[in-house]
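Here is a short tour of one structure, meant to be read with the model open beside you.

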Amino acid sequence: MKNFAAIVLAAGKGTRMKSRLPKVLHPVAGRPMIHYPLVVLKALKADRVVVVVGHKADEVEAAVTQGTFDYGAVDFVVQDPQLGTGHAVMCAAGRLRDYEGDVLILSADVPLITEATVKALFRVHRRRRGARPALTLTTVMLDDPGGYGRIVRDSGAAVERVVEHRDLAPHQRGIREVNAGVYLAESRFLFDNLEGLGTDNAQGEYYLPDLVALARDRGRAVAALTLSDPTEVMGVNNRAELAAAAAIMRRRINTRLMLSGVTIVDPAATYIDDGVKVGADTVIYPNVHLAGRTVIGGDCVIEEGSRIEGCRVASGVRVRSHSVLEGSTIGEGAVIGPFARLRPESRIGKGARVGNFVEIKKTALGKGSKANHLAYLGDASIGEGVNIGAGVITCNYDGEKKHRTVIEDGAFIGSDSQFVAPVKVGRGSYIGSGSTITKDVPAEVLALSRAEQKVVEGWLERRKAGQKTTKKKGG
């Protein structure tokens, strides 16, 4: 869209959330609520964006400016004290007084607003038939409009004013059309009339919807876009509404992925964050969580109960049931799990296998290598074609510092071996089962560190005889 600025209202405390976290920073599908209106504004290429902050303003500003997403140039202004939506726009007016164009007003606690709806609002506001309205607002029809400001229309069905719920006359309580809280105003009308807002209402606040009556009093038209889907403008004021908004957002995400060629066996039981990317022909089973900046290639299988966060997963990977992957990179055709854990900064090579109850941390496991069960590999560099037996541990921490273990290509590591880092195993070497390796092992040798096995003849008979003697003495 061309020639518009935007104001995002994000100052409220959100008392009903009962939280130390500012309301607009509560997550919906992995992103803070304020993320979604800002993304819409970036997509529509707003000329300027002003965010009105108040409660814990520093936290809200940091989330916008220091997060992983680039929202473009965003200006901030503090609303203190917080005296209503009209007062919030008054606070932002100083940053936009010189702006000539339209001003879009969104709320940061309305995360489900879409780019398509905002474009439709612009079409209504800028249509060529007749005089351009001074103000265009969004409305919805609700079966139970309790608590919302009602849209009062004149005999010609034009919007006349908005009456807040607390200020309704008895004959107005049956009105089902309510104000959805998204506005598009001509800048000169908006900034010239903000001072005309009063506080003659039950809350004693400056209500932005009062601009509707001001426009009509000045002979200006007011237009409305009535939305067919009320969830788009659903405000989030408590934890129950937060969960409802998150469910809707997840449904949108899952639908978009399925339409792109991803199989989601049970969309209602699959939790995929905003921004996650999944390739075609990947199959996702129920109770999978895909979070953060995760990218999954095509032809993968993610089995039930697995959680993948901040990972890059190449094509053809299979993540078996109940595995947890964090901040790791998985190569093409690798198999992870079941019940495996990859901790951050792990790299699993092409065709490698990480089996059940294996934990890997800050470790590179080379192409075709495998650790099929019951191992801990931390701070290690493991080459290609290495076999890691059951019960293998890299002892990477000495109580003060972490140390690395290096195992070169083709090595065979017998079960129940421990590597006291820093230590290196050369190419092609064998480590006998039950060994504790404390020194570097050369290439292509067998290394053992077991105590010699002994057989003690007659020990069992002597033990039994001793037990009988003890019993007789004890009587």
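F412 sits in strand β34 (residues 412–413); strands here are DSSP E runs of at least two residues and helices are H or I runs of at least four, numbered from the N terminus. This is a predicted model, where local features need pLDDT of at least 70 and side-chain atom pairs count only at pLDDT 80 or more, while totals for chains, interfaces and linings use all residues. Residues are numbered from 1 along each chain as its sequence is written, and side-chain values use heavy atoms, leaving out hydrogens and water.

With a relative accessible area of 35%, F412 is partly exposed (buried means under 20%, exposed over 50%, partly exposed in between, with a 1.4 Å probe and protein chains only).

## The open sheet

Nine strands make up an open sheet with parallel pairing, in the order β14-β17-β20-β23-β26-β28-β30-β33-β36. β14 (277–278) and β36 (423–425) stand at the edges with a single partner strand each, so one side of each lacks a neighbour in the sheet. Strands count as paired if DSSP finds at least two bridges between them. Two bridges join the parallel strands β20 (residues 312–313) and β23 (residues 329–330), and V313 stands opposite I330 in β23.

## Charged pairs

R126 and D102 form a salt bridge (2.9 Å, N to O), meaning a side-chain nitrogen of Lys or Arg within 4 Å of a carboxyl oxygen of Asp or Glu. R126 belongs to helix α4 (residues 115–126) and D102 to strand β6 (residues 102–107), so the pair ties together parts 24 residues apart in sequence. D102 is buried at 2% relative accessible area, whereas R126 is partly exposed at 22%.
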